[in-house]
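Here is a walk through one protein chain, taken element by element. Keep the model open and follow along.

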Amino acid sequence: MSHTLPIVFVVDDDISVRESLELMISSAGWRPETFSSAQGFLSHPRVEAPSCLILDVNLPDLNGLELQVRLAGDRTDMPIIFITGYGDVPTSVRAMKAGAVEFLTKPFSDDALLEAIRNAIEHSRTLLDRAVEIQVIADRYRMLSRREREVMSLVTTGRLNKQVAFDLGISEITVKAHRGRVMRKMQAGSLVDLAAMAAKLSLGQDRSA
């Protein structure tokens, strides 16, 4: 997935801005997707590729800040770069606090925007790769039995086999057998590896469902 051609979305109601950005983005080797409104962008299917969003603050329907809020919980792997011709400190502070990676005031240099896009794409790629890794680990975790999950949760917090046996009311030999199956199913090379997987899955929380 991280090797898929990155997509740079542009939402701006000024057609001249969209056209110039489309040319710049394609010339840089990325795939541009442009929209004149927030609603038009929201109707576009979600993509599983490294991406970022160049977003104008002032839009005819939802404004840029409102769209940012709408996207906050759903598209965390798509960093937002704000552009505006009417920048002010409160607006830029609000955008950055809400997670924007850059806030550029028109006119801005092509180099400044290209650098912001490169950084945003790299951040998106990292987030997508991490999500894939966690999904693989979660798929393995779902193959564990309830007892194996209990053993994994305890041994990855540093409990010894005899302590796990006492906690679960089973023999130490049974704990060792469960632990061995956990290591094989999770494809963990060591207890350190297994602990790292548990941390990625946040096994401090209840994951038995």
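The paragraphs below go from the sheet to the loops and then to the helices. This is a predicted model.

Five strands make up an open sheet, and their order is 2-1-3-4-5. The pairing is parallel. Strand 2 (31-35) and strand 5 (102-105) are the edge strands. Each has a single partner strand, so one side of each has no neighbour in the sheet. From one strand to the next, the twist averages 20°.

Strand 4 (residues 80-84) runs parallel to strand 5, and four bridges join the two.

The structure holds 12 salt bridges. One of them pairs Asp12 with Lys106, with the closest N and O atoms 3.2 Å apart. Asp12 sits in the loop between strand 1 (7-11) and helix 1 (15-27), while Lys106 sits in the loop between strand 5 and helix 5 (110-141). The pair therefore ties together parts that are 94 residues apart in sequence.

Move on to the annotated domain. An unreviewed UniProt entry annotates residues 137-202 as "domain: HTH luxR-type". In the model this span is 73% helix and 0% strand. Its end C-alpha atoms lie 11 Å apart.

How do helix 7 and helix 8 cross? The axes of helix 7 (residues 161-168) and helix 8 (residues 172-186) come within 8 Å and cross at roughly 105°. That falls in the range of 65 to 115 degrees, so helix 7 is roughly perpendicular to helix 8. On the helix 7 side, the contact uses Asn161, Lys162, Val164 and Ala165. On the helix 8 side are Glu172, Val175, Lys176 and Arg179. By class, this contact has three nonpolar, one polar and four charged residues.

One backbone detail remains. Gln187 is not a glycine, yet its phi is positive, at about 55°. Gln187 lies in the loop between helix 8 and helix 9 (191-200).

How values were computed
Residues are numbered from 1 along each chain as its sequence is written. This is a predicted model: local features need pLDDT of at least 70, side-chain atom pairs count only at pLDDT 80 or more; totals for chains, interfaces and linings use all residues. Side-chain values use heavy atoms; hydrogens and water are left out. UniProt positions are given in the numbering used here, feature names are shortened, and annotations may be inferred rather than shown by experiment. Two strands pair if DSSP finds at least two bridges between them. Axes are lines fitted to C-alpha atoms, for helices over the stretch in contact, and angles run from 0 to 180 degrees between N-to-C directions. Angles under 35 degrees count as roughly parallel, over 145 as roughly antiparallel, 65 to 115 as roughly perpendicular and the rest as oblique. Contact means heavy atoms within 4.5 Å. Ala, Val, Leu, Ile, Met, Phe, Trp, Tyr, Cys and Pro count as nonpolar, Asp, Glu, Lys and Arg as charged, and the others, Gly among them, as polar. A salt bridge is a side-chain nitrogen of Lys or Arg within 4 Å of a carboxyl oxygen of Asp or Glu.
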